[in-house]
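Here's a protein chain to explore together. Have a look at the structure below, and then we'll walk through it piece by piece.

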Amino acid sequence: AAAGKTALIFSDIRKTMQIPILTSIWRGLAADQRDLTNTWKNIKPMYCNNIPVRTLESVLQKTELPKLKKSKIAFDKIDINPDELVNLKNVIKAYNRSNGLNFVTMSSLIRRPYPTEHKTIEKPN
């Protein structure tokens, strides 16, 4: 339901991150247009060489996640048809990708803002 500049930024986020939906971090940032604009302005350049995707893949390869037992839920007994199940799995996949990429990019902002342009900082005399 976003409009104006927020809708444009949301569209750019979805396109750049290659995600069909936005997670709550972006909707929360949109409560203040400056927060959303400034955060995306600092994060978007990180995608120029696919750095967040490669970093997330590296983190996942190096991280030993617990192996969970498969659930024995009978989806036919809880009234989920096959199409709904596919949609549910796609939403989970989108959230996993988005949240993983947000973790990588926003963590780097905490460490040090990503330079959007090269500036020479002169030391005071």
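Thr39 uses its side chain to reach the backbone oxygen of Asp35, at 2.7 Å. Keep in mind that this comes from a predicted model. Thr39 sits in helix H3. Is Thr39 buried or exposed? Its relative accessibility is 16%, and the cut-off for buried is under 20%, so Thr39 counts as buried. Setting aside neighbours within four places in sequence, Thr39 is in contact with Trp26, Leu29, Met106 and Leu109. Take Trp26 from that list: Thr39 and Trp26 are 13 residues apart along the chain, and their C-alpha atoms are separated by 9.2 Å.

**The overall layout**

Let's zoom out for a moment. What about contacts between residues at least 6 apart in sequence? Among those, 73% join residues that are at least 24 apart.

| Pair | Centre to centre | Angle between planes | Type |
|---|---|---|---|
| Trp26 and Trp40 | 5.6 Å | 85 degrees | edge-to-face |
| Trp40 and Tyr47 | 6.3 Å | 40 degrees | tilted |

Why is the pair of Trp26 and Trp40 called edge-to-face? The planes of their rings are at 85 degrees, and an angle over 60 degrees counts as edge-to-face, so the pair gets that name. This pair also links distant parts of the chain: Trp26 belongs to helix H2 and Trp40 to helix H3, 14 residues apart.

Are Trp26 and Trp40 buried or exposed? Both of them are buried. Trp40 has a relative accessibility of 5%, so it counts as buried. Tyr47 comes out at 11%, which means that Tyr47 counts as buried too.

**The nonpolar core**

In soluble globular proteins, nonpolar side chains tend to be buried together. In this model, the largest nonpolar core has 18 residues. Which of them touch the most other members? They are Ile13, Met17, Trp26, Leu36, Trp40 and Ile43. At least two core residues come from each of helix H1 (4-17), helix H2 (24-29), helix H3 (33-43), helix H4 (51-62) and helix H5 (82-111). H1 gives the most, with four residues.

Not counting residues up to four places away in sequence, Ile13 touches Gln18, Ile19, Leu22, Trp26, Leu36 and Trp40.

Which residues of H1 are buried? They are Thr6, Ile9, Phe10, Ile13 and Met17. These cover an arc of only 100 degrees around the axis, which puts them on the same side of H1. Over on the other side of H1, Gly4, Leu8 and Lys15 are exposed. After H1 comes Gln18, whose phi is positive, near 55 degrees.

Now try H4. Its 12 residues should span 16 Å at 1.5 Å a residue, and its end C-alpha atoms are 16 Å apart, which agrees. Pro52, Val53 and Leu56 are the buried residues in H4. Looking down the axis of H4, you'd find its buried residues within an arc of 100 degrees, so they line one face of the helix. The face of H4 turned away from that buried side carries Gln61 and Lys62, which are exposed.

**One last residue**

Finally, find Ser98 in helix H5. What is the relative accessible area of Ser98? The value is 0%, so Ser98 is buried. Leaving out residues up to four places away in sequence, Ser98 touches Met17, Ile19 and Thr23. You've met Met17 already, as one of the buried residues of H1.

Technical notes
Residues are numbered from 1 along each chain as its sequence is written. This is a predicted model: local features need pLDDT of at least 70, side-chain atom pairs count only at pLDDT 80 or more; totals for chains, interfaces and linings use all residues. Side-chain values use heavy atoms; hydrogens and water are left out. A nonpolar core is a set of buried Ala, Val, Leu, Ile, Met, Phe, Trp, Tyr and Cys residues joined through side-chain atoms within 4.5 Å. Buried means under 20% relative accessible area, exposed over 50%, partly exposed in between (1.4 Å probe, protein chains only). Contact means heavy atoms within 4.5 Å. The arc is that of the directions from the helix axis to the C-beta atoms. Rings of Phe, Tyr and Trp (its six-membered ring) pair if their centres lie within 6.5 Å; planes under 30 degrees apart count as stacked, over 60 as edge-to-face and the rest as tilted. A polar contact is a pair of N or O atoms within 3.5 Å; within protein, one must be able to donate a hydrogen and the other to accept it, and residues adjacent in sequence count only if both atoms are side-chain atoms. The expected span of a helix is 1.5 Å times one less than its number of residues.
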